[in-house]
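Please consult the sequence and structure shown here.

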Protein chains: 4
Amino acid sequence: MTGLFDGVFDHGPAAALTDDTAWLQALLDVEAALAHALADSGLLAPERADAVAAACTAARYDPGELGRAAAGGGNPVIPLVRELTARVREADPEAARHVHRGATSQDVMDTAAMLLARRAGGTVLSDLRALADHLRALARAYRDTPMPGRTLLQQALPTTFGAVAAGWANGLSEAADQLEHVLYHRLAVQFGGAVGTLASLGRDGPAVAAALAARLDLTEPVLPWHTDRGRIAELAAALGRVCGAVGTAAQDIVLLAQTEVGELVEEGGPGVGGSSTMPHKRNPVAAVSALACARQAPGLVATLLAAQIQEHQRAAGGWHAEWLPLTDLLRRTGAAVAWLRTSAARLRADTARMRSNLDATGGLALSERVTTDLAPELGRTEAHRLVTDACREAVDSGRDLVDVLAVNLEGVRSRGRIAALLDPADYLGSAGAFTDRVTGAAAGRTGPVAHTDSEEGAPTPDER
Amino acid sequence: MTGLFDGVFDHGPAAALTDDTAWLQALLDVEAALAHALADSGLLAPERADAVAAACTAARYDPGELGRAAAGGGNPVIPLVRELTARVREADPEAARHVHRGATSQDVMDTAAMLLARRAGGTVLSDLRALADHLRALARAYRDTPMPGRTLLQQALPTTFGAVAAGWANGLSEAADQLEHVLYHRLAVQFGGAVGTLASLGRDGPAVAAALAARLDLTEPVLPWHTDRGRIAELAAALGRVCGAVGTAAQDIVLLAQTEVGELVEEGGPGVGGSSTMPHKRNPVAAVSALACARQAPGLVATLLAAQIQEHQRAAGGWHAEWLPLTDLLRRTGAAVAWLRTSAARLRADTARMRSNLDATGGLALSERVTTDLAPELGRTEAHRLVTDACREAVDSGRDLVDVLAVNLEGVRSRGRIAALLDPADYLGSAGAFTDRVTGAAAGRTGPVAHTDSEEGAPTPDER
Amino acid sequence: MTGLFDGVFDHGPAAALTDDTAWLQALLDVEAALAHALADSGLLAPERADAVAAACTAARYDPGELGRAAAGGGNPVIPLVRELTARVREADPEAARHVHRGATSQDVMDTAAMLLARRAGGTVLSDLRALADHLRALARAYRDTPMPGRTLLQQALPTTFGAVAAGWANGLSEAADQLEHVLYHRLAVQFGGAVGTLASLGRDGPAVAAALAARLDLTEPVLPWHTDRGRIAELAAALGRVCGAVGTAAQDIVLLAQTEVGELVEEGGPGVGGSSTMPHKRNPVAAVSALACARQAPGLVATLLAAQIQEHQRAAGGWHAEWLPLTDLLRRTGAAVAWLRTSAARLRADTARMRSNLDATGGLALSERVTTDLAPELGRTEAHRLVTDACREAVDSGRDLVDVLAVNLEGVRSRGRIAALLDPADYLGSAGAFTDRVTGAAAGRTGPVAHTDSEEGAPTPDER
Amino acid sequence: MTGLFDGVFDHGPAAALTDDTAWLQALLDVEAALAHALADSGLLAPERADAVAAACTAARYDPGELGRAAAGGGNPVIPLVRELTARVREADPEAARHVHRGATSQDVMDTAAMLLARRAGGTVLSDLRALADHLRALARAYRDTPMPGRTLLQQALPTTFGAVAAGWANGLSEAADQLEHVLYHRLAVQFGGAVGTLASLGRDGPAVAAALAARLDLTEPVLPWHTDRGRIAELAAALGRVCGAVGTAAQDIVLLAQTEVGELVEEGGPGVGGSSTMPHKRNPVAAVSALACARQAPGLVATLLAAQIQEHQRAAGGWHAEWLPLTDLLRRTGAAVAWLRTSAARLRADTARMRSNLDATGGLALSERVTTDLAPELGRTEAHRLVTDACREAVDSGRDLVDVLAVNLEGVRSRGRIAALLDPADYLGSAGAFTDRVTGAAAGRTGPVAHTDSEEGAPTPDER
């Protein structure tokens with residue numbers, strides 16, 4: 001981490017696993033594994049392979065110098081092979097003749113990219129799993145805590161904070177599952193030589209490819225994929241989806257932390273998110289940073305998808321156009337997940353505020369339940385008219401709907417009955433049951449459903 | 001198909017499965033299935049469900065009118081439910097009270113989108129499979145046909161047309177596998193009611209959701225996914241990847257059909273791709289159209305990925321922003337695949353041209369084989385100097401390398417031996433073996449590898 | 001408007017100006033103008049040009065049939081010219097021989113696209129201007145109405161609703177200026193013939209091109225721009241920017257309309273945005289729809305920017321890939337602007353709520369002013385300590401800062417002085433002056449700045 | 001330049017003007033200018049401003065440390081102001097109290113971004129101008145050199161290499177004009193304080209803003225633009241368009257350099273683009289690298305356009321999401337232009353190959369001219385039949401069209417007349433005239449138009 005923006009955009013462990021040193025080591029790991037694979041296939045003496053591998057340490061090379069030299073041929077593998085060969089030659093001239101044997105630059109770059117994705121993606125994955133666990137714990141803890149459900153950013157019916165956290169956890173877990181699938185089943189070795197025929201290895205090409213895959217614990221592909229970029233597209237899509245799941249939760253946190261909502265606070269400790277001059281402000285800095293990272297993903301994914309169209313046996317530009325967006329996408333995704341994990345760790349739920357926000361709409365959200373309760377006696381039309389009038393009266397006068405209905409329905413329903421019908425904690429449907437599915441709570445446990453209106457054929461609470 | 005651009009962009013069967021009528025029918029199918037699911041769960045008499053279902057025929061509704069009415073509430077489900085309820089009421093007033101019960105607009109839209117994706121995606125998938133089969137047949141037929149391999153659009157070492165077609169087929173097959181996975185394992189029913197709690201169904205919500213999923217043959221999700229758009233992102237990514245695989249093959253066809261290359265021709269029949277005034281032109285119109293469709297995918301995918309960040313229990317804009325890009329992405333992908341299938345069906349390979357293009361570089365591509373052959377006798381350095389000089393002489397004088405070397409190596413190697421070393425058909429490495437893996441040819445069969453240079457530690461044919 | 005989603009996505013006048021009929025008429029207008037341009041250049045008798053123009057009425061052609069026929073050659077101009085020629089031939093066989101003379105399909109498509117952009121863009125532009133006027137009127141009306149300024153969605157210092165509306169108006173006006181520049185200075189005629197040389201017109205090409213530009217009131221380009229798509233990129237960018245300006249205002253409206261904020265309401269009248277079952281909900285449907293449209297722009301712009309890279313004299317796919325995204329971008333932008341105009345017309349500001357939201361943070365936002373006021377007497381450090389302690393006490397106890405400070409500063413500052421220092425209406429800086437710049441109020445008028453702290457070197461209110 | 005990929009992606013001078021040091025210096029330049037602007041407005045003694053400015057040297061700060069500290073508040077300005085204040089305090093404690101006065105972090109970041117854009121964009125602009133000049137020189141030199149015009153990558157009618165180079169130059173010049181407009185008229189100072197009211201400066205805010213703009217030679221905006229990101233969108237669009245113009249030319253170069261086309265070669269000198277083992281390969285590495293850079297632009301622009309939608313007075317994530325994409329877009333554009341300039345400098349046109357490629361289609365492209373020539377004598381229908389038959393005969397038999405027609409038209413037209421009609425150098429229309437418009441050649445000079453067919457009403461050479 002040396003950069004001005006790293007604190008924000010390279011948060012978490014993925015940054016160090018995708019920097020210049022990580023790339024360089026991945027490239028060298030491929031060259032070393034190739035030497036060993038040649039030996040495994042009987043094409044090279046094992047001690048020669050060891051001689052090659054001994055020179056494959058990133059610290060012995062200067063990424064800046066290699067970068068400058070890369071301008072000549074258009075990629076950094078060309079000067080790296082030159083340097084590597086020179087270093088091997090010092091120790092074992094015969095081994096030097098077998099450096100990079102059978103391979104083309106793209107073989108090494110692509111395979112190194114897969115290693116990088118496995119390594120950085122692996123840490124993103126474990127961060128994701130830990131984050132989802134944390135959110136599941138929140139879901140368990142707040143399983144029965146009512147809060148306003150909101151549609152189009154307007155309060156609608158009640159839900160629970162448990163269900164909300166369970167929704168975040170589930171989205172992140174499914175995104176993690178997809179990422180895991182790509183990381184452990186789709187990342188494949190690239191080994192095809194100049195045009196994908198491995199001609200210089202005669203009939204030994206496939207054996208070396210298989211040995212290389214085994215050495216690096218990567219998938220062996222059906223055939224070289226120099227211009228079939230489906231694997232990159234799948235990886236990009238999995239990362240883009242992780243960013244979507246992160247962004248959704250982070251956006252919710254930012255919204256719930258609004259001064260006027262106040263249901264969540266990021267408690268960042270001294271110097272974090274607060275302001276000495278504005279003590280009332282509690283900026284959800286971690287969630288904001290997660291959002292800032294996540295929002296960069298769609299454009300990067302689009303670049304990688306567009307770059308899929310590559311010419312003939314190896315592309316003129318489309319391939320090169322992948323390197324930076326892929327690296328950046330890994331970094332941004334890693335930082336997005338790390339920031340959301342930081343945010344989740346800092347999160348404090350204000351359950352009183354959740355309740356008072358719910359109460360602020362004074363039972364209006366649940367007025368349909370009163371209609372349903374009255375319908376059998378008064379007929380549906382009359383029941384609906386009575387309740388609608390009461391709602392309007394409550395809104396216009398600023399009074400609570402309970403109070404208005406207690407007067408208007410005197411002799412028909414008691415105040416207590418009306419209050420029970422309008423109690424949000426009593427109208428949470430399957431929020432608890434759904435939460436339990438995510439948290440893995442005992443299957444038998446059911447949500448806090450008091451009684452159902454279902455036989456009545458209640459009008460559907462559509463957000464029209 | 002009614003539009004000016006439909007011939008180009010709505011080619012193939014996916015167009016009709018994603019038009020207004022298809023959308024309308026999908027929405028109605030969800031409402032009908034919901035009525036049946038309520039019945040399956042004991043919440044509605046089966047004959048009432050039948051009464052609802054009886055009104056669920058697209059032809060009875062006017063999409064234009066519904067579209068206009070949708071402006072009021074922001075989505076077409078609201079007026080559709082109104083119209084549907086009115087039609088059901090005519091036949092069965094009691095049944096009418098149960099229309100859309102428990103559901104919110106987004107439940108119906110999202111589930112309908114899944115149905116649409118299944119239907120249109122299903123036809124895309126079978127087109128893809130048929131296309132890959134066709135290309136595999138090409139790969140079998142041209143397994144041993146040498147053609148120039150090209151990197152950075154420059155001729156490099158030889159490959160075979162079989163290997164090229166196998167590469168296209170494999171990319172398309174893997175893209176089809178991913179699409180199939182999404183279509184049959186990830187498309188899930190959406191059913192959560194206003195805020196995802198299914199409150200109006202009391203404790204019966206999950207049972208109805210399960211019945212709905214069974215009725216529509218869609219996955220039952222862990223919990224409602226109103227603002228967890230991972231499924232849409234996965235679907236979009238799978239389609240975007242299909243477009244990449246299509247685009248790669250289409251681009252290659254366009255390049256191989258160039259006047260100066262001429263290795264492939266799209267034979268479109270009278271009036272297709274030709275020109276009466278320019279009889280030498282044979283525009284690969286189908287491949288061009290496939291490319292035109294495929295290139296629209298990355299931007300549409302990016303829109304869908306960016307729309308993943310949705311607020312609270314139901315989003316304000318992000319959700320609505322999905323409808324058209326998702327529909328368009330299904331259409332464009334369907335058309336891209338259909339066009340490439342058309343192109344493949346029209347394709348004629350000019351194997352003589354492949355050979356003459358190969359010969360045009362006069363053996364220069366294979367000069368390294370001569371070096372390798374000479375090295376044991378002359379020493380590597382001297383061998384390399386000799387061959388490099390001959391190459392330069394050949395390029396400068398415009399003579400064939402065989403002729404130059406026959407003179408320069410007189411007494412060292414016969415003309416015949418030199419010609420054999422420089423024969424592209426004899427330097428195809430594992431092209432045949434790789435092709436066989438894709439076409440499923442007998443595992444024992446091996447590629448046309450005559451003899452290997454591998455013990456020599458040949459210099460690597462990197463495309464520097 | 002015939003589609004299920006048109007009510008939402010084709011709101012406003014741009015939709016009808018970009019539909020199939022509009023495209024068809026634009027294509028025919030180009031053919032008619034070309035005939036006249038040939039006449040203007042002395043290459044065709046004027047009455048022959050009239051005969052061509054007489055057949056150039058969209059109603060005489062079937063877009064669906066042309067669309068189907070377009071599949072053969074890859075674009076709809078080819079069958080249109082065939083049909084047009086046939087119709088002209090009926091009336092004037094000699095004139096028929098001059099239909100489309102000198103032109104290639106792309107000349108007609110590109111020039112028609114320019115006409116379409118001018119026409120649909122022109123209506124977007126006047127909608128934008130009217131919208132900005134409306135917002136400027138709001139800015140004038142609420143010039144001095146304090147409301148909470150919010151950063152990172154947290155209340156910070158006060159601003160005015162006037163300044164907020166002025167900011168929206170200014171962003172939209174600048175976007176309109178850029179769009180106007182593109183529409184009236186950058187939309188150019190395309191006329192180059194098969195490869196941009198106008199060879200079939202001999203040396204008359206440039207004269208015909210100039211006459212064509214004059215006839216259509218489009219710019220005459222320096223040379224044909226078949227594969228130089230800068231004009232399309234500029235148009236796309238201008239539309240994408242309009243969508244950004246619309247989206248920003250729409251997003252703010254949605255946020256300010258939240259149940260817990262309530263500073264703005266979209267009053268949509270019966271059946272619009274409300275809910276009979278949830279009378280407290282007032283969905284800002286128009287702003288939400290504006291957002292939904294605006295969010296589709298970046299992906300469409302990216303497609304058009306990526307399509308700029310076009311091959312040789314006319315592209316294989318990149319050009320075709322522009323037609324739908326460009327049309328969609330015009331439609332989405334038109335609808336976004338129209339929806340925001342609808343939203344603005346429905347908007348009601350709740351100034352009491354603005355004030356009570358401000359008061360809810362009890363003066364904390366302005367605590368720095370007390371520090372500044374005390375510093376000369378008590379020294380900066382002591383002043384800061386005193387005020388910070390009071391802020392913490394107020395937050396912890398839930399009391400108003402005025403009350404806490406009135407006690408803590410007894411004998412140092414009067415309650416009235418403290419209240420004045422903490423009055424948000426008295427700390428609006430240049431909000432009024434900035435608003436006046438946008439509304440064009442008398443230059444002499446200044447904002448409600450009571451007294452300045454500037455000599456004191458107040459600590460900067462950075463949002464740390 | 002320290003990175004592994006810098007040689008490819010940070011080619012040219014823009015890289016050094018957008019690195020960490022450049023960013024840091026730009027931030028400090030804003031703080032220094034702000035101190036001077038306060039002095040200019042009479043709010044600070046000039047010597048205090050000098051004391052602040054004296055500490056504003058990037059070398060005195062550690063970007064890595066600032067970056068790490070930025071994580072706390074979400075942006076690097078917060079720790080930078082802390083560090084800067086500390087350094088100023090050492091020299092002048094009173095001056096230290098005025099550091100960053102009136103400003104918020106975003107004011108400094110946004111204004112610094114404008115400075116960075118001006119500086120890096122300025123060097124991109126002069127590279128662009130030099131590149132366009134170079135291409136104009138090519139256009140002049142090859143004004144009358146015929147080469148095949150190609151549509152859909154098929155040979156169509158002839159054009160000239162001069163016209164091709166003029167087309168590239170014109171596209172780049174127009175892109176440069178747009179970039180210049182943005183750089184010198186749209187880059188504005190940002191100065192609004194916490195919520196855009198400049199409240200802490202009382203009524204002096206606008207004066208300080210004006211002084212700041214003057215000091216930095218940036219535009220003074222109508223009002224603070226914290227959440228009106230139109231300027232960023234315009235800048236991004238201008239850069240995205242430059243990349244399109246670069247990509248188009250680079251793509252053409254790559255295509256013209258194909259082994260089978262060979263009309264252009266990048267002569268890179270030893271070690272550049274060539275291969276010791278494949279002496280026939282001449283990789284157009286510079287054009288490929290230009291393409292690789294240019295193709296990354298659309299995704300980055302889309303990210304910036306999508307980030308335009310920012311909340312309230314300062315955004316939660318959207319703003320932060322701009323920093324890296326904007327920096328990367330400047331770098332990629334700079335590298336794209338620099339690479340194309342490198343490519344252009346290396347370019348060698350093979351005019352003999354242009355001619356032989358033209359001749360390879362044996363006059364078929366110009367067959368319409370023979371029809372036109374015969375029509376007055378034989379009637380149009382008969383003329384067309386005769387020529388079409390001859391074309392088919394030529395294609396089927398592989399003979400030259402001249403030879404076929406010389407036989408078939410014996411007695412009607414001489415072989416010489418036929419050869420003249422089919423001579424591509426004689427059918428270049430306005431290629432020369434268009435080229436002259438771009439190169440600024442004497443207005444009187446006209447293209448090589450021998451005689452015109454125009455009175456005949458030649459059939460239009462549409463690329464059907």
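**Helix contacts and loop residues**

Q: Which residues of helix 10 of chain D meet helix 12 of chain D?
A: In this contact (heavy atoms within 4.5 Å), helix 12 of chain D contributes D:A297, D:V301, D:L304 and D:L305. The partners in helix 10 of chain D are D:I232, D:A233, D:A236, D:G240 and D:C243.

The model is predicted: local features need pLDDT of at least 70, side-chain atom pairs count only at pLDDT 80 or more, and totals for chains, interfaces and linings use all residues. Residues are numbered from 1 along each chain as its sequence is written, chains are lettered from A and ligands numbered from 1 in the order in which they are written, and side-chain values use heavy atoms, with hydrogens and water left out.

Q: Is helix 10 of chain D roughly parallel or roughly antiparallel to helix 12 of chain D?
A: Helix 10 (residues 230-256) and helix 12 (residues 297-306) of chain D pack at an angle of about 170°, with axes 9 Å apart. Angles under 35 degrees count as roughly parallel, over 145 as roughly antiparallel, 65 to 115 as roughly perpendicular and the rest as oblique. Therefore helix 10 of chain D is, relative to helix 12 of chain D, roughly antiparallel.

Q: How many of the residues of helix 10 of chain A are buried?
A: Helix 10 (residues 230-256) of chain A reaches 39 Å from its first C-alpha to its last, close to the 39 Å expected at 1.5 Å a residue. The expected span is 1.5 Å times one less than the number of residues. Buried means under 20% relative accessible area, exposed over 50% and partly exposed in between, with a 1.4 Å probe and protein chains only. Helix 10 of chain A is mostly covered, the buried count being 27 of 27.

Q: Does B:H312 count as buried or exposed?
A: B:H312 lies in the loop between helix 12 (297-306) and helix 13 (323-346) of chain B. Although not a glycine, B:H312 has a positive phi of about 50°. Because its relative accessibility is 4%, B:H312 counts as buried.

Q: Does D:D217 count as buried or exposed?
A: D:D217 is found in the loop between helix 9 (205-216) and helix 10 of chain D. Its phi is near 55°, a positive value in a residue other than glycine. Because its relative accessibility is 55%, D:D217 counts as exposed.

Notes. Helices (H or I, at least four residues) and strands (E, at least two) are DSSP runs, numbered from the N terminus. Axes are lines fitted to C-alpha atoms, for helices over the stretch in contact, and angles run from 0 to 180 degrees between N-to-C directions.
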